[in-house]
Amino acid sequence: MRRNKELCDIKIVAKNGEEIWAHKVVLAANSEYFNIMFNSQFKESKELEIIIQGLDPYVLSLLIDFIYSFELVVNEQNIKDIIDGICFLQLNETIRNKCVEYIKSRIDLSNCLGIKEMSECLGLKDLYLFCVTYASINFSRLNCKVYASVIKWIKHDGENRNKHLPDLIKYVRLPIISQEFLENTVDKELLLEFNINSRVYLNEAYHVHGTELKVPNSIRTQYRSNYSEYVLVMSISGSIHHPLLYNVITNQWKTVSITVPLNSYGLTVLLNDGQLFSVGGFNYTSGSEYFNNLCHLSLPLCSCHIFDANTKHWRPMQRMLNYPIESNIVQIGSRIYVPDICDSEYYDIENDKWFKMNSIYVDRTDYAVIALNGFIYAVGGNHTSYGVDIVEQFDPKTNTWKQVASMLKGRAAPTLCVLNSCMYAIGGKNYGNIYLSSVEKYDPSTGSWEKVTNLNYSRSNAGAVTVNGLIYVFGGKNSDFTIEVYCPYKKTWSVLSSKVPGTLDNLGNCNAFNVKRHIQNEVLKLTD
């Protein structure tokens with residue numbers, strides 16, 4: 001019908017003059033761009049002809065054809081324009097998903113990294129994660145492509161570019177490339193054969209393939225770790241439970257076999273090396289005869305333990321110097337800090353020893369702590385039932401606290417997260433347990449806060465973590481156990497279909513930790 005212009009009621013003129021005939025109702029049903037245009041007071045709503053200058057004519061025609069046929073011609077030359085067009089026309093979720101699925105089927109080693117960058121910038125999370133997964137699965141082959149690109153670039157102007165070969169080849173993961181490719185391709189490359197400084201890296205690769213000794217610690221022997229697949233989620237209510245692993249690509253949950261925290265009302269966190277660290281808690285004993293043994297006494301603990309994934313046992317560490325009132329834990333390098341309003345201290349992992357540190361100045365409870373750029377921040381809190389906007393910064397080098405710019409809004413029990421060198425304060429609660437959906441971020445380079453798009457669900461005591469350039473917020477009080485994801489490019493929060501299982505915590509209170517690539521295997525041992 002459309003080809004014969006039957007019942008067509010709109011003619012779209014592209015910027016090259018090409019005419020595309022269609023039906024308003026079909027376009028409006030599948031594109032928010034056309035829906036607004038045809039169902040508003042804009043003059044276009046009554047026009048029989050409209051002009052679209054913002055898209056390549058060929059891509060505009062392809063996408064309108066796709067709305068009708070679900071068939072799309074995708075190639076290396078037009079894929080960027082197609083992704084731009086999807087966002088420009090604001091195709092509805094069904095059409096957009098079909099288009100994205102079609103693009104997925106055309107992804108290969110030559111375009112997966114380029115499409116990953118474009119989809120990240122445009123906020124197409126599903127396509128971005130698919131590209132990340134594709135690249136990781138085909139990692140070895142992808143490194144071969146990287147190697148081939150370097151050699152091709154050098155040969156294009158060998159006289160002037162050959163001097164750059166050592167500086168470029170050192171960033172190719174030659175030790176992770178297959179030995180067959182090394183022998184049949186890399187080793188036979190004349191550029192490397194006669195370049196002694198570059199040949200060093202090939203020899204290093206042969207050393208890795210040919211020995212069972214410890215692999216040399218260099219960037220070329222490490223897998224690229226700028227993406228993550230799992231998030232570890234643990235309750236912070238103090239009740240003993242099984243932690244959960246959430247897969248950000250498949251949206252599936254795995255249960256961790258061990259129980260945490262080690263002691264009731266203690267706090268357990270994931271360290272940078274993939275080990276679990278548990279500190280504090282209470283030991284409940286029978287009451288005295290004065291109470292006729294009808295109640296129990298809670299004795300605070302200053303013990304700490306590390307869980308060894310290989311032995312599946314908790315290993316006791318040096319005891320704390322004091323009993324923490326609030327167990328807030330943050331790690332910087334080999335030190336684990338426990339900031340407190342009374343007795344703050346830090347644990348030196350290498351020396352297995354606790355040391356005193358200055359405590360937080362402003363008296364309050366329900367504050368949150370986080371590390372950013374080598375400093376520790378104590379943010380918000382509860383003072384006389386009001387959420388406070390106070391932010392204090394601790395410098396480990398000088399052992400001093402100081403107040404920095406206050407938040408725009410007072411928050412008790414906020415959730416903190418770091419993205420792109422900025423600190424995000426998410427949700428929280430205020431006087432009368434009014435839960436907040438507002439979000440703001442602090443830029444240490446300017447020393448100022450600015451408002452960020454609100455959450456869809458108000459919440460406090462949630463878990464937040466940055467994964468693959470996005471912020472994931474898990475559960476929290478008043479959250480209905482929802483998971484929300486923030487895209488900094490689109491500046492929007494999306495609610496995922498998956499929820500935090502109620503078995504983790506009956507109120508949804510939790511912590512979340514990014515399971516980075518280099519510790520993934522260590523953490524996955526906990527699910528065996």
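Which residues lie nearest the centre of the second largest pocket? Select Arg96, Lys125, Asp126, Ser494 and Leu496, and you have them; they belong to a lining of 26 residues. Before going on, note that this is a predicted model, where local features need pLDDT of at least 70 and side-chain atom pairs count only at pLDDT 80 or more, while totals for chains, interfaces and linings use all residues. Residues are numbered from 1 along each chain as its sequence is written, and side-chain values use heavy atoms, with hydrogens and water left out.

**Stop 1: the pocket**

A pocket here is an open set of points on a 1 Å grid over the protein atoms alone, with protein on both sides within 12 Å along at least five of seven lines; a lining residue has an atom within 4 Å of a point. The second largest pocket holds about 670 Å³ of space, a volume being the space filled by probe spheres set on grid points joined across faces, edges and corners. Now colour α5 (93-104), α7, β31 (482-487) and β32 (492-499), each of which gives two or more residues to this lining. Helices (H or I, at least four residues) and strands (E, at least two) are DSSP runs numbered from the N terminus. α5 gives the most, six residues. Domain 1 (2-106) and domain 3 (230-284 + 297-526) each provide at least three lining residues, with bounds from an automatic or database domain assignment.

**Stop 2: the largest cavity**

Next, pick Ser119, Glu120, Gly123, Leu124, Lys125, Tyr128, Asn468, Leu470 and Cys487, which line the largest cavity. In a cavity, a 1.4 Å probe fits but cannot get out. This one has a volume of about 50 Å³, and the whole structure has two of 30 Å³ or more. α6 (112-121) and α7 (125-137) each supply at least two residues of its lining. Lys125 also turned up in the pocket's list.

**Stop 3: the cores**

Show Ile12, Leu27, Phe34, Leu60, Ile82 and Leu127: these have the most contacts inside the largest nonpolar core, of 40 residues. Such a core joins buried Ala, Val, Leu, Ile, Met, Phe, Trp, Tyr and Cys residues through side-chain atoms within 4.5 Å, buried being under 20% relative accessible area (1.4 Å probe, protein chains only). Helix α3 (residues 57-69) brings the largest share, seven residues. Finally, go to another core, lying apart from that one, with 32 residues, among them Val260, Leu271, Val515 and Ile519.

Technical notes
Buried means under 20% relative accessible area, exposed over 50%, partly exposed in between (1.4 Å probe, protein chains only).
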